[in-house]
Amino acid sequence: MSIEVRISGFGGQGIILSGFILGKAASLYDGKNAVFTQSYGPEARGGASAADLVIATSPDEAVDYPKVQNPHILVVMSQDAYFTYRNTLRENGLLIYDSDLVTVETQGKNEHPGLPFPATRLAEQVLGKRLVANIVMLGALSAVTSVVSLPALQKSVETSVKKAFVDLNLKALQEGYLSAERMATPYAIRA
């Protein structure tokens, strides 16, 4: 089985970097097969942005199709991304959203109560840098799913961000992981 993950938001939030780090963690450091694709609007900042990953659940499994169609996990870091991608989430899928930036509909057929997670608030208040909210969210993703391990994400962060920002990003990852671990029960991914 392969797991489909979509991370979405707007340009400037580090959405593409998040996808790159997640894919690298899965493939290089957890030993799984993974495919990463990205999409973004023509704007330099503020436009729509999405990072899509298909990750095999075991090292000997191949990824048969590289395109995310109905993600098992949808991470949303902007209101526009929620409106754009909410209908793609598969039934019984997990929606993780930045509770400070996204309001989720709780009525009707597209209802996805999901997991509200204050990634931006934690990045600002605990770490003093809003710009690491994407890494805080990756920590939360690791804590509540079995997609990638925390050690794999840590290694991926260490080898993916500029040396001057490695410590800050590792703290962001740890903060997201520990906060989500306290807030939520692990999510069992179903095909």
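**Helix 6 and its neighbours**

Helix 4 passes helix 6 in a right-handed crossing. The model shown in these views is predicted.

**View A. Helix 4 against helix 6.** The two helices pack at an angle of about 40°, and their axes lie 7 Å apart. Helix 4 and helix 6 are therefore oblique to each other. From helix 4, the contact takes in Ile 135, Val 136, Leu 138, Gly 139, Ala 140, Ser 142, Ala 143 and Val 144. Helix 6 meets them with Asn 169, Ala 172, Leu 173, Gly 176, Tyr 177, Ala 180 and Glu 181. By class, this contact holds 10 nonpolar, four polar and one charged residues.

**View B. Helix 5 against helix 6.** Here the axes come within 9 Å and cross at roughly 155°. An angle over 145 degrees counts as roughly antiparallel, so helix 5 and helix 6 are roughly antiparallel to each other. Their crossing is right-handed. Helix 5 supplies Leu 150, Leu 153, Gln 154, Val 157 and Glu 158. Helix 6 supplies Val 166, Asn 169, Leu 170, Leu 173, Gln 174 and Tyr 177. Seven nonpolar, three polar and one charged residues make up this contact.

**View C. The length of helix 6.** Helix 6 covers residues 166-183, which is 18 residues. At 1.5 Å a residue, helix 6 should span 26 Å, and its end C-alpha atoms are 26 Å apart, so the two values agree.

**View D. Buried residues of helix 6.** Among the buried residues are Val 166, Leu 168, Leu 170, Glu 175, Ser 179 and Ala 180. Their cover includes strand 6 (115-117) and helix 3 (119-125).

Terms used
Residues numbered from 1 in each chain as written. Predicted model: local features only at pLDDT ≥ 70, side-chain atom pairs only at ≥ 80, totals over all residues. Heavy atoms only, no water. Helix = DSSP H or I, 4+ residues; strand = E, 2+ residues; numbered from the N terminus. Expected span 1.5 Å × (residues − 1). Buried < 20%, exposed > 50% of the residue type's maximum accessible area, 1.4 Å probe, protein only. Contact = heavy atoms within 4.5 Å. Axes fitted to C-alpha atoms, helices over the stretch in contact; angles between N-to-C directions. Parallel < 35°, antiparallel > 145°, perpendicular 65-115°, else oblique. Left-handed = near helix turned anticlockwise from the far one by under 90°. Nonpolar A, V, L, I, M, F, W, Y, C, P; charged D, E, K, R; others polar.
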